[in-house]
Amino acid sequence: MPLAPHPDRLLPPEPSQRGIARRLYESVRDLPLISPHGHVDARLLATDEAFTDPASLLVTPDHYVTRLLHSHGVPMADLGLRDSTGDTAPAQPREVWRTFCEHWHLFLGTASRGWLEAELHDVLGVTVQPSADTADELFDELTARLREPEFRPRALHDSFAIAALATTDDPADDLSHHRALAEDPSWSGRVVPTFRPDRYLDATGSGWTAALDDLAAASGIGTGDYDGLVQALEDRREHFRAHGATATDHSAPDARMAFLDIAEARRLFDAVRSGTATTEDARLLSQQLLGEMARMSSEDGMVMALHTGSRRNHHPDTMRRFGPDTGHDIPLQAEFTRALQPVLERFGTNPRFQTVLFTLDETVFSRELAPLAGFYPSVYLGAPWWFLDAPRAMHRFRDAVTETAGFYRSAGFIDDTRGFCSIPARHDTARRVDAAHLAGLVAEHVLSEDDAARVIHDLHDRQPRKAFRL
Amino acid sequence: MPLAPHPDRLLPPEPSQRGIARRLYESVRDLPLISPHGHVDARLLATDEAFTDPASLLVTPDHYVTRLLHSHGVPMADLGLRDSTGDTAPAQPREVWRTFCEHWHLFLGTASRGWLEAELHDVLGVTVQPSADTADELFDELTARLREPEFRPRALHDSFAIAALATTDDPADDLSHHRALAEDPSWSGRVVPTFRPDRYLDATGSGWTAALDDLAAASGIGTGDYDGLVQALEDRREHFRAHGATATDHSAPDARMAFLDIAEARRLFDAVRSGTATTEDARLLSQQLLGEMARMSSEDGMVMALHTGSRRNHHPDTMRRFGPDTGHDIPLQAEFTRALQPVLERFGTNPRFQTVLFTLDETVFSRELAPLAGFYPSVYLGAPWWFLDAPRAMHRFRDAVTETAGFYRSAGFIDDTRGFCSIPARHDTARRVDAAHLAGLVAEHVLSEDDAARVIHDLHDRQPRKAFRL
Amino acid sequence: MPLAPHPDRLLPPEPSQRGIARRLYESVRDLPLISPHGHVDARLLATDEAFTDPASLLVTPDHYVTRLLHSHGVPMADLGLRDSTGDTAPAQPREVWRTFCEHWHLFLGTASRGWLEAELHDVLGVTVQPSADTADELFDELTARLREPEFRPRALHDSFAIAALATTDDPADDLSHHRALAEDPSWSGRVVPTFRPDRYLDATGSGWTAALDDLAAASGIGTGDYDGLVQALEDRREHFRAHGATATDHSAPDARMAFLDIAEARRLFDAVRSGTATTEDARLLSQQLLGEMARMSSEDGMVMALHTGSRRNHHPDTMRRFGPDTGHDIPLQAEFTRALQPVLERFGTNPRFQTVLFTLDETVFSRELAPLAGFYPSVYLGAPWWFLDAPRAMHRFRDAVTETAGFYRSAGFIDDTRGFCSIPARHDTARRVDAAHLAGLVAEHVLSEDDAARVIHDLHDRQPRKAFRL
């Protein structure tokens with residue numbers, strides 16, 4: 001069976017709409033990519049080491065792929081994941097690839113299938129469908145190809161036409177790879193860090209104390225009291241800004257922030273630090289620290305991206321054996337209207353403050369996010385994220401928010417990917433879906449094709465730059 | 001750029017469906033308008049004073065418009081809103097209009113854009129797009145036109161073919177404008193008041209005591225105790241019915257009602273009145289008073305329209321400076337199944353009692369509202385309201401409720417508008433969307449075109465009359 | 001007016017999609033029916049008694065039909081329901097049928113209308129629309145037809161091509177009708193029981209003590225203490241498995257399960273049994289007993305179907321007079337992520353354990369159910385159920401889950417019906433909708449038509465067999 005993604009894929013089948021959609025898509029297909037949030041490691045581009053094989057590139061590190069195979073009974077170790085208990089041994093890449101190819105049809109209809117088809121065909125030049133029969137041949141072909149110079153990370157980066165790429169980094173990171181890239185005369189790309197302080201803000205977890213020590217080491221500022229922690233965080237934000245960062249990124253259970261008086265904040269810090277606090281105290285301190293991030297954003301102008309609402313590590317045994325980010329983070333119901341009132345009361349109309357809101361719960365699109373973004377100049381609608389970063393979900397997002405907030409309160413697209421080769425596939429999917437969506441509106445005479453062309457260009461260029469201050 | 005709304009706008013692009021939709025739309029396009037809920041002031045028609053200029057008509061009083069411009073950084077005062085602190089001065093109408101025209105593209109895709117295009121073109125005869133270049137010319141053209149006799153409120157009322165218009169009124173209102181209209185031999189329209197007692201029922205707010213005094217003054221009945229308040233409310237309902245009212249309208253945080261024994265209700269009243277009550281007491285008293293409204297409806301037959309679920313005045317600074325209804329009421333998650341059980345247990349099958357349920361949270365359409373309306377004869381499905389009063393949201397509403405409740409448990413359309421000229425635009429939008437929706441079902445052979453024609457006629461005539469007893 | 005359901009009904013109107021959809025539909029139209037969950041009584045097939053008349057067959061026992069007529073003011077007794085208070089007398093079947101026919105247009109657009117049209121036309125050979133004019137003629141025609149041999153239950157069963165039918169049975173049932181069928185040499189169908197222990201697990205209700213006595217009588221095991229109840233339930237599960245059961249089915253307010261230590265469970269049991277428990281104790285004991293069901297499933301391999309989230313008997317007066325299942329069970333907001341964590345922590349990757357999740361709240365499709373089924377091999381996505389078992393809702397279900405979980409974590413279709421003649425109509429509807437849905441994806445080049453043909457076949461054969469271990 002040939003692998004040949006259709007040139008009109010994801011465009012509307014009805015002829016009058018397809019023509020409009022094609023023209024809109026063509027008008028943005030080759031625009032340089034703006035990637036304001038993702039999980040590519042700057043080291044990848046700084047060192048430019050070749051990828052080794054298709055399993056290590058496309059399967060093992062992609063929790064979208066491994067979780068679905070796991071749901072069909074494939075053990076994690078068979079997908080190359082390392083079991084920290086040593087009970088099971090990770091399969092070799094060729095074995096992992098075979099398993100993946102044998103289960104290829106299970107991905108039919110998923111977002112991953114579309115990205116993988118595009119990665120295999122458009123990026124890696126594959127022209128046959130993965131299957132039990134073709135697995136070995138494909139493994140050999142791809143392993144050889146990945147050693148060629150034009151498949152090295154930097155060459156791919158250039159061929160993808162990435163205009164700006166934001167990584168996601170720990171505040172204690174020295175950002176040496178970002179610096180190396182900036183100082184490398186042979187490198188002309190733009191790779192900026194993003195300040196992701198989750199483990200320093202989450203005072204409910206067992207790792208918090210160790211995190212504070214790491215932060216103290218990185219900043220040279222004692223983090224043994226509340227004021228020290230705040231100062232150390234401010235110091236590291238400045239370090240990140242000096243390396244080009246324009247945004248912070250936050251994963252929290254929900255969007256609540258606290259703005260306690262300083263004495264109460266200090267008391268909570270000391271209680272948690274000394275182990276005498278209740279769970280509720282620790283949660284409140286975490287909300288207070290997230291509130292401090294908002295306050296700092298209102299001063300230093302770093303955009304605050306909020307990714308909330310995931311119940312992390314739902315299956316403790318998988319967490320224990322294979323660690324986090326292995327496919328069992330499950331969404332929770334979201335609430336923003338009440339949760340964000342305190343921060344928006346303070347900073348909602350402050351021109352320095354800017355936040356981009358992401359959700360795993362699509363019920364808030366029309367109910368809460370569009371109304372908030374339709375009033376507060378500081379609030380941008382994040383793109384459909386995780387579990388919703390797929391064609392039908394993207395249509396639902398546009399349907400749900402546009403009638404209230406228009407197109408110009410949207411932050412455009414983020415790829416949020418750990419898979420370097422999926423970057424162009426994901427942006428291409430988003431451009432196709434936006435073209436399809438706008439073509440439907442043009443065909444219904446809601447807006448003109450000229451207006452739609454302006455909108456789709458802005459959605460893939462101006463809006464993400466503006467929302468993330470890139 | 002010309003402004004020329006397409007005759008087929010909002011109809012399905014696919015040719016076989018478009019033909020059906022056109023025929024269905026034509027069959028109801030010119031039906032007289034039934035407007036059972038809105039915010040037009042009876043004074044407008046009683047005095048018939050000319051509108052002054054397009055900014056005062058279309059921009060400043062429309063919080064759909066001002067909030068979106070505000071979200072793009074335009075200060076409220078620049079839109080003509082009066083700042084009670086005096087910190088900023090309101091712009092003059094011509095300046096407001098310029099600001100609006102310069103930002104015209106930000107409305108692309110919104111419900112407001114569609115209404116505004118129809119108002120400008122179909123009602124006011126504008127044929128060029130608003131823009132920085134055309135703003136002054138349009139301002140002059142429209143200001144002149146609004147002084148012509150056929151653009152006075154009564155002339156527009158007649159040209160809109162409004163068969164029945166319900167206003168929204170304070171129980172203390174003497175309804176003199178309604179009476180003036182009724183007694184005016186030169187006036188043949190039907191304008192009825194709606195009893196909107198929110199401020200008398202909300203015992204949690206600071207304005208409650210003053211409200212009780214107003215009510216006492218209007219009714220001549222002392223409101224210093226629970227029984228007096230109840231009696232005064234009954235008296236004012238009778239006053240409203242005598243002026244043609246058929247419905248009451250309620251904005252509450254949620255749909256919960258209490259049915260306490262009278263001693264407990266009196267105790268709560270006295271506690272709140274004397275300032276010794278807890279917040280929870282005040283909330284319970286508010287729910288008890290809403291329950292009294294239901295009880296009165298079960299006796300006097302006034303339809304109880306429930307508009308719940310908004311977090312009012314989310315941004316305190318804007319509230320303080322520009323007052324309520326300025327675009328920062330943000331929806332909350334809704335719940336009806338549990339909340340309505342007590343009232344429906346009492347009155348759900350009582351033929352005198354009737355309620356129309358509105359929601360800002362579309363998740364309840366399929367989950368709660370359609371099942372409730374699909375069992376209780378007293379429950380009607382309100383039209384998609386505020387933030388959901390837009391084409392795609394209307395389609396989602398019909399998709400969500402019809403398979404459970406059919407078309408005949410729906411209350412048809414309400415325009416809920418503060419903008420007099422938007423009335424025909426909003427009804428036209430609803431008729432187009434219903435035609436499009438039904439055409440899709442006809443094309444899928446779910447119902448015949450004859451049945452669809454009967455349904456769309458009923459949705460825009462019989463159903464709103466029946467649901468609101470008009 | 002003729003009654004002639006269109007051969008292309010529910011297929012997409014756009015020509016290129018309709019062609020694909022037709023071919024996909026044709027490929028599964030005549031597949032034998034797998035019905036892993038429903039409410040047909042085994043007695044019906046064991047005794048093979050003729051149906052008496054169309055009202056008793058299609059109206060009175062179908063709460064989808066009676067609730068909608070009730071919502072239009074038709075008293076339950078007029079639909080043939082028996083009022084236990086004796087205040088109203090049930091109408092005779094001919095009267096019931098007349099009432100139904102007069103109100104036929106109120107069903108336009110509902111799921112019931114589609115099923116009823118198919119039952120009347122395809123199963124019962126009716127060719128005129130029900131109406132006041134045709135009611136008597138239809139009543140006579142159908143009453144006569146139902147006496148013919150080919151309209152007896154067994155003959156219909158064969159003509160419906162039912163390959164497997166699961167009934168829903170009380171654990172105290174001796175399953176004599178199932179045994180009779182199994183031992184009948186003239187019967188070649190497959191009818192298996194399903195273990196539905198709700199009344200033994202719900203310790204919050206007044207009927208629990210009597211239920212325990214019934215269970216003791218059926219099992220011969222004392223249920224006066226916790227260990228006895230658990231043992232009796234295990235005994236009855238074994239009895240059911242011996243009669244072919246492969247699944248248990250549970251209606252609970254929500255999906256929470258408790259896994260207390262045995263001493264605490266015994267204490268709760270004794271407290272509830274002796275009437276000294278709090279409501280919260282009784283709720284916790286109910287959750288503990290549901291947890292025991294999961295534990296037993298992880299041992300005996302019976303699939304655990306969870307149907308949660310209904311507020312039963314919302315209108316007490318209707319409950320008192322006409323009993324349960326009369327149309328006033330109203331859905332509640334659902335939550336699965338937190339609720340299922342304890343059971344999935346224990347058994348989520350246990351290959352013996354399997355659960356099929358159903359919901360009345362479609363917001364959990366994309367947010368919780370697809371992510372859970374996209375990781376846990378034990379979790380299957382139940383078909384859109386009750387209030388969502390309709391064409392547009394089925395499309396929303398597929399849109400919401402497929403991009404995350406693919407097609408192969410879905411349990412296919414269940415009819416869940418009390419109406420024997422609606423079985424083929426409901427499966428046909430599901431096959432049409434799946435064909436329409438897949439045709440849309442094929443036309444958008446998301447998958448090939450060959451892949452779609454494989455998927456639709458699996459959805460209506462392999463997936464339900466696998467999910468329910470049939």
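**View 1. Trp97(C) is buried in a predicted model.** Its relative accessible area is 0%. Buried means under 20% relative accessible area, exposed over 50%, and partly exposed in between (1.4 Å probe, protein chains only). Phe100(C) is also buried, at 0% relative accessibility. Both residues belong to helix α5 (residues 93-102) of chain C, where they stand three residues apart, so about one helical turn separates them. Helices (H or I, at least four residues) and strands (E, at least two) are DSSP runs, numbered from the N terminus. In this predicted model, local features need pLDDT of at least 70 and side-chain atom pairs count only at pLDDT 80 or more, while totals for chains, interfaces and linings use all residues; side-chain values use heavy atoms, leaving out hydrogens and water. Residues are numbered from 1 along each chain as its sequence is written, and chains are lettered from A and ligands numbered from 1 in the order in which they are written.

**View 2. Phe160(C) and Phe420(C) form a tilted aromatic pair.** Rings of Phe, Tyr and Trp (its six-membered ring) pair if their centres lie within 6.5 Å; planes under 30 degrees apart count as stacked, over 60 as edge-to-face and the rest as tilted. Here the centres are 5.5 Å apart, with 45° between the planes. Phe160(C) sits in helix α8 (residues 153-160) of chain C, and Phe420(C) in the loop between α18 (391-405) and α19 (422-443), so the pair ties together parts 260 residues apart in sequence. Phe160(C) is buried at 8% relative accessibility. Phe420(C) is buried at 2%. Over all chains, the count is 45 aromatic pairs. Trp97(C) and Phe100(C) make a tilted pair, with centres 5.2 Å apart and planes at 35°.

**View 3. Arginine side chains lie over aromatic rings in chains A and B.** Arg409(A) lies over the face of Tyr380(A), 4.6 Å from the ring centre. In chain B, the charged end of Arg426(B) sits over the ring of Trp115(B), at 3.8 Å from its centre. The rule asks for NZ of Lys or CZ of Arg within 6 Å of the ring centre and within 35 degrees of the ring normal.

**View 4. Chain B meets chain A.** The contact (heavy atoms within 4.5 Å) takes 46 residues from chain B and 42 residues from chain A. The buried area is about 3800 Å², and carbon and sulfur atoms give 57% of it. Buried area is the accessible area (1.4 Å probe) that two parts lose on being put together, summed over both. Leu108(B), His314(B) and Arg392(B) supply 16% of what chain B buries against chain A, more than any other three residues. Four salt bridges cross the interface. Each needs a side-chain nitrogen of Lys or Arg within 4 Å of a carboxyl oxygen of Asp or Glu. Glu444(A) bridges to Arg392(B), with the closest N and O atoms 3.5 Å apart.

**View 5. Asp329(C) is buried in a loop.** The loop runs between α15 (316-322) and β7 (330-331) of chain C. Relative accessibility of Asp329(C) is 4%. A polar contact of 3.1 Å joins its side chain to that of Arg312(C). Such a contact is a pair of N or O atoms within 3.5 Å; within protein, one must be able to donate a hydrogen and the other to accept it, and residues adjacent in sequence count only if both atoms are side-chain atoms. The side chain of Asp329(C) also reaches the backbone nitrogen of Asn313(C), at 2.8 Å.
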